[in-house]
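Please keep the sequence and the model at hand while reading.

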Amino acid sequence: MKNHPRPILWRRLSQLLFLAVFLVLFLRTDYQGQDQLSGAVNLIFRIDPLVALAACLATRSFILLVLPAGFLLLSCLLLGRWFCGWACPMGTLLDASRTLTGSKAVTLPPTLPRIRYALLLLILVGALFGLPLVGYFDPFAILVRGLTMAIYPAAGMAIESLFTFTYQHGPAWLNLLTEPLYQLLRDTVLPFEQKLFTLALPAMLMLLALFVLEIFQRRCFCRTLCPLGALLGLAGRFAPWRIANRQPACHACGQCSTLCRTGAIDLQSQVNTERCILCLDCLSRCPNEHFAFGHGAKPPVPLAEGLSRRAFVGTTLTGITLPFMLAVRPFKRHPQPGLIRPPGALPEEQFLGRCVRCGECMQVCIGNALHPALTEAGVEGLFTPRLIPRIGYCEYQCTLCGQVCPTGAIQRLPAAAKQLTTIGRAFVDRDRCLPYAKGVPCIVCEELCPTPQKAIRFREVSVQNELGETVRVKQPYVIDELCIGCGICENKCPLPGRSAILVTSAGESRLQKAIAKDSYSKP
Amino acid sequence: MDRRRFLQDAAFWSLSWSLALHWPFSSTMSGSVAQAAPGNLFLAQVGMGKGQDYPQLVRQVVALVGGMTCFVKPGARVVIKPNIGFDRPPEMAATTHPLVVRTLAEMALEAGASQVRIFDRPCNEARRCYHNSGILPAIKAMDNSKVRCDYIDRRKFVTTTIPQGRVLKSWDIYRDALEADCYINVPVAKQHSRAGLSLGLKNGMGVLGGNRGQWHRQLEQNLADLATILRPTLTVIDATRMLLRNGPQGGNLRDVQINDTILASSDPVAADACATLLFGRSPDEIGTTVTAASMGLGTMQLNRIKRIAVP
């Protein structure tokens, strides 16, 4: 087999470049000393046509934020699935993991790749009727989520533990070497604060699953499941420029067919443009150099793996009916008090439709306040952002989550508007609060309340403490009209365990559906 | 010295000293007016001055209490501990003015400091506080490798026993502060509903690790106990802008009073006591000052404090 590595080299270079850009953007998805972020990883979602389509369908409107996705789709109309082979960071990582996962080359049923079309259809129909699914299958969402919630914090933890050990137990000469290195890492790649995430393990397992699939087949996820790849493949069906076998007299030795990492070459050595990701392996490896990239000489091969009519109708019906099943649960009408959405979040219905579950808001959240929801917003709300004040609070002057949201599920708010956006309200638990329950002075909550007029104030009263002495204490109370629910009070309450001042989503300022119990009133 | 001589001397000095302290003939008038009393009766000096050129003002005021060379010996490791507690711009008076911090760093270098470390453990997110208080940009602009304004490094908290502590027996304290040869405390003067006022003693909380909120239960005693092991060499109180209401973070310019005043003293309690007067309050209203004075950490009696104003 001849080897002409040059085209492959170019492809690898491009993959590395895009991966590097992706990782740099990911690291930059953090506070950079200014209120406005410049360049964050949301770029990758804004060029994602699947996310764009789903978000637009869900809100039945055109979202300007995702306009760049149109350009990617356009390029695929001309070139086919070039993005999957040359740019997609998920694909690059899967390719790179090849040396680790080994090559089992299990023969999977040839009809399996149809699943991706079913998924694509389900996602789009579901989006239109109120079943948000795109975030669970979009490769970028899976990747960014896994990185944000598990891999990046865990890697940071590992590195920090190492340098903590050398700092606290190492000899002085060792610290002369390690401390500058640690400082360098801190300034470049390490997270500023060690973050924690409620769903670190599920997010990691989901990402890991993609690599496990790689054991069975090369690019197994890309060829069988990836709905984004399916969409790009559909766009590239009639691409004028593509890879094709230009020799009618090919004796079909079949080498290319086993070589192809997406199974795009059939036994007759013909290339299927819906699957071909232009990795150029066939160009380099065909002993007779039969494959070439160029303006299509031949008509594309007929659609071989479209959905059957039965599957099409079945999938569509599922996408239409399932949302109504989801709609008849009580919390759709009575919002969950524990579900505090980030400031600028759209009304719940639209929020669920637009949110990609990518976790970028959680990556950028400066106080580690946003966490992936498990079932607090229903099963369809898995991985959506939710503020847990006891873990982290919403920083008063910070507007980063709205800046990185790729689809505008969290609106970009100016600081002044954000400071007037109520995401919930605090209330004092007088059974635990020290000045009430024990006659002991405290009012940490009042001190830290960031609203200029203080949403938490206090009354100075004489009470008896546990020793029976009459003491003067300041007892805090909340002014509802001023409280915006940032949660710093709950976060910093010095009591161990449960806070004595708690925030619930009650009173949040985003529009809600009617929540009156009779369900007749309009919002 | 024989026994007789010793007893005579002891009797003489204790008599004269107690007379000096409780001089029956000196006026007992109280109030904010500096009292004319013989110099040897003073237990502390506080320099203070007013002016709009803050760097110059800092230099003048520190010169009044002896100048930086009194506090910083050549080769000393200096810690400057401003208040960077909140994510507020300097004009909101929640944090120490960056020019004050920067001038002190310059003065420490001029006095021969081998290194100057500036830090605080903020209540809000550290990066936002360091940037928006203007302190990090001001120190970066100095571009001097001896001066560093670093974020708190969690690894550097050392569990420290406090032998003289009455309620505080041990706590995690920042290593840089403990190891400093010269510890310059630079609080901003502001209202604080738990402590009454947040001044020098309260500013000590920025070197603490752990759950600092627990301190509020016995704030006064905790702060005094802390001051037994971490006594500032020099306290410079920034009252250039004073937050009068809704402290300690404010957020509204209406609550801020421009005062253009700076105080300095080697006595942390005296510095706090004099700064209290700027708010029109009396030092014995402020629990932290009273408790620290009762522990013998400094002087709060105004007639024992020599107040020197910038001419």
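Between chain B and chain A, about 3200 Å² of area is buried, and carbon and sulfur atoms give 46% of it; buried area is the accessible area (1.4 Å probe) that two parts lose on being put together, summed over both. R127(B), R128(B) and R155(B) supply 26% of the area that chain B buries against chain A, more than any other three residues.

This is a predicted model, in which local features need pLDDT of at least 70 and side-chain atom pairs count only at pLDDT 80 or more, while totals for chains, interfaces and linings use all residues. Residues are numbered from 1 along each chain as its sequence is written, chains are lettered from A and ligands numbered from 1 in the order in which they are written, and side-chain values use heavy atoms, with hydrogens and water left out.

**The interface of chains A and B**

- In chain B, 35 residues are in contact with 40 residues of chain A, contact meaning heavy atoms within 4.5 Å.
- Four salt bridges are counted between the two chains, a salt bridge being a side-chain nitrogen of Lys or Arg within 4 Å of a carboxyl oxygen of Asp or Glu.
- D30(A) and R127(B) meet through their side chains in a salt bridge (3.1 Å, N to O).
- Helix α5 (residues 126-132) of chain B gives the largest share of the side of chain B that touches chain A, namely five residues; helices (H or I, at least four residues) and strands (E, at least two) are DSSP runs, numbered from the N terminus.
- By class, this side of chain B has five nonpolar, 15 polar and 15 charged residues; Ala, Val, Leu, Ile, Met, Phe, Trp, Tyr, Cys and Pro count as nonpolar, Asp, Glu, Lys and Arg as charged, and the others, Gly among them, as polar.

**Salt bridges within the chains**

- Over all chains, the structure holds 33 salt bridges.
- K332(A) forms one with E380(A), the closest N and O atoms being 2.8 Å apart.
- K332(A) lies in the loop between α17 (309-327) and α18 (348-354) of chain A and E380(A) in the loop between β3 (370-372) and β4 (385-387) of chain A, so the pair ties together parts that are 48 residues apart in sequence.
- E380(A) is buried, at 5% relative accessible area, whereas K332(A) is partly exposed at 24% relative accessibility; buried means under 20% relative accessible area, exposed over 50%, and partly exposed in between (1.4 Å probe, protein chains only).
- In chain B, D238(B) and R241(B) meet in a salt bridge (2.5 Å, N to O), and both residues are buried.
- Salt bridges that share partners join R11(A), D95(A), R219(A), R261(A) and D281(A) into one network.

**An enclosed helix**

- Nine of the 11 residues of helix α9 (residues 219-229) of chain B are buried, so the helix is largely enclosed by the rest of the structure.
- The cover over its buried residues includes β6 (170-174), α8 (200-203) and α11 (287-294) of chain B.

**Backbone features**

- Most residues other than glycine have a negative phi, and most peptide bonds are trans.
- L280(A) has a positive phi, near 75°, and is buried at 9% relative accessibility.
- I443(A) also has a positive phi, of about 40°, and is buried at 2% relative accessibility.
- The peptide bond from G247(B) to P248(B) is cis, with omega near 0°, and P248(B) is found in the loop between β10 (234-243) and β11 (256-265) of chain B.
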